[in-house]
Amino acid sequence: MSKIEQVINEIEDYVESCKPQAFSNTKIVVNKEEIEELLAELRARLPEEIKQYQKIISNQDNILNQAKDEAERTVNEAKSKADDVIAKATDQANQMVSEHEIMRKAYDQANQLLADAQGQAQQIVDNAVKDANNVRQSSIKYADDMLASLQTIIGNTMDNARDRFDAFSNSLESSMQIVNSNRNELAGSIVTDQTAGAEPAADGANGQAQ
């Protein structure tokens with residue numbers, strides 16, 4: 001298991017351990033510091049893992065070069081064997097009457113050896129290319145799976161943060177409405193008290209007039 005997989009497992013375990021949000025079966029309460037710490041660790045390890053995948057992909061060049069070297073070596077060995085066969089056949093032909101038949105057989109054998117060697121060399125190169133492509137595709141698929149998991153975790157974290165902010169905003173709005181209502185009630189009481197205070201003064205004035 002890679003280091004990125006270990007961190008993702010830790011994040012998944014942490015998410016599973018989080019308490020569900022009140023009145024919700026799908027939302028959970030996440031500790032911001034803990035999830036940020038896990039994401040920071042994942043972010044720190046991600047470049048190292050990607051470098052390893054790139055190193056694996058770069059090895060395909062080595063695989064192809066080794067295959068080409070082996071193919072060239074096989075062809076050279078076949079040519080050397082063919083030359084030996086021709087040389088021996090030539091020596092034998094000089095000593096025998098049926099020189100033409102001996103040379104024909106020698107050339108046929110040499111050509112067959114060369115054809116077999118070329119076929120083996122091509123097979124080696126084809127297999128090397130196939131193996132290199134498989135390694136590259138597997139590495140790319142693995143890196144994409146890791147990034148997809150990280151994208152899902154970050155998206156879920158953003159959704160939870162947005163839900164908590166909306167709930168906090170609604171709570172503040174409700175509190176503001178209560179404060180406005182209380183102030184309106186107090187404002188009505190102040191007007192009533194001023195009116196009540198003005199009545200005795202009016203009565204006193206009437207008494208003096210009498």
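A: A salt bridge is counted here when a side-chain nitrogen of Lys or Arg lies within 4 Å of a carboxyl oxygen of Asp or Glu. In this predicted model, Asp108 and Arg104 form such a pair, with their closest N and O atoms 3.0 Å apart. By this rule the count comes to three salt bridges.

The protein chain has three helices and zero strands, and its elements run α-α-α from the N terminus on. Helix H1 covers residues 3–17, helix H2 covers residues 32–95, and helix H3 covers residues 99–209.

The pair of Asp108 and Arg104 lies in helix H3, where the two residues are four positions apart, about one turn of the helix. Asp108 is partly exposed, with a relative accessible area of 41%. Arg104 is also counted as partly exposed, at 39% relative accessibility.

Another salt bridge joins the side chains of Asp145 and Lys141, at 2.8 Å from N to O. Because Asp145 and Lys141 are four residues apart in helix H3, about one helical turn separates them. Asp145 has a relative accessibility of 29%, so it counts as partly exposed.

Arg162 and Asp159 make up a further pair, whose closest N and O atoms are 3.0 Å apart. These two are three residues apart in helix H3, so the separation is again about one helical turn. Arg162 is partly exposed at 44% relative accessibility, and Asp159 is partly exposed at 37%.

Glu10, Glu12, Asp13 and Glu16 gather in a patch of negative charge on the surface. Glu16 belongs to helix H1 and is exposed, because its relative accessible area is 67% and the cut-off for exposed is over 50%. Lys81, in helix H2, is exposed as well, with a relative accessible area of 53%. Its C-alpha is 8.9 Å from that of Leu114, although Lys81 and Leu114 are 33 residues apart in sequence.

The chain as a whole gives the setting. Buried residues make up 20% of its 210 residues. The chain exposes about 15500 Å², of which carbon and sulfur atoms supply 51%. Among contacts with a separation of 6 or more, 73% come from residues 24 or more positions apart.

Key
Residues are numbered from 1 along each chain as its sequence is written. This is a predicted model: local features need pLDDT of at least 70, side-chain atom pairs count only at pLDDT 80 or more; totals for chains, interfaces and linings use all residues. Side-chain values use heavy atoms; hydrogens and water are left out. Buried means under 20% relative accessible area, exposed over 50%, partly exposed in between (1.4 Å probe, protein chains only). Patches are made of residues with over 30% relative accessible area and no salt bridge: like charges are joined within 9 Å, nonpolar side chains (Val, Leu, Ile, Met, Phe, Trp, Tyr) within 5 Å. Accessible areas come from the Shrake-Rupley method with a 1.4 Å probe; for residues, only the protein chains shown count as cover. Lys and Arg count as positive and Asp and Glu as negative; His and the chain ends are not counted. The place of a charge is taken as NZ of Lys, CZ of Arg, CG of Asp or CD of Glu. Contact means heavy atoms within 4.5 Å.
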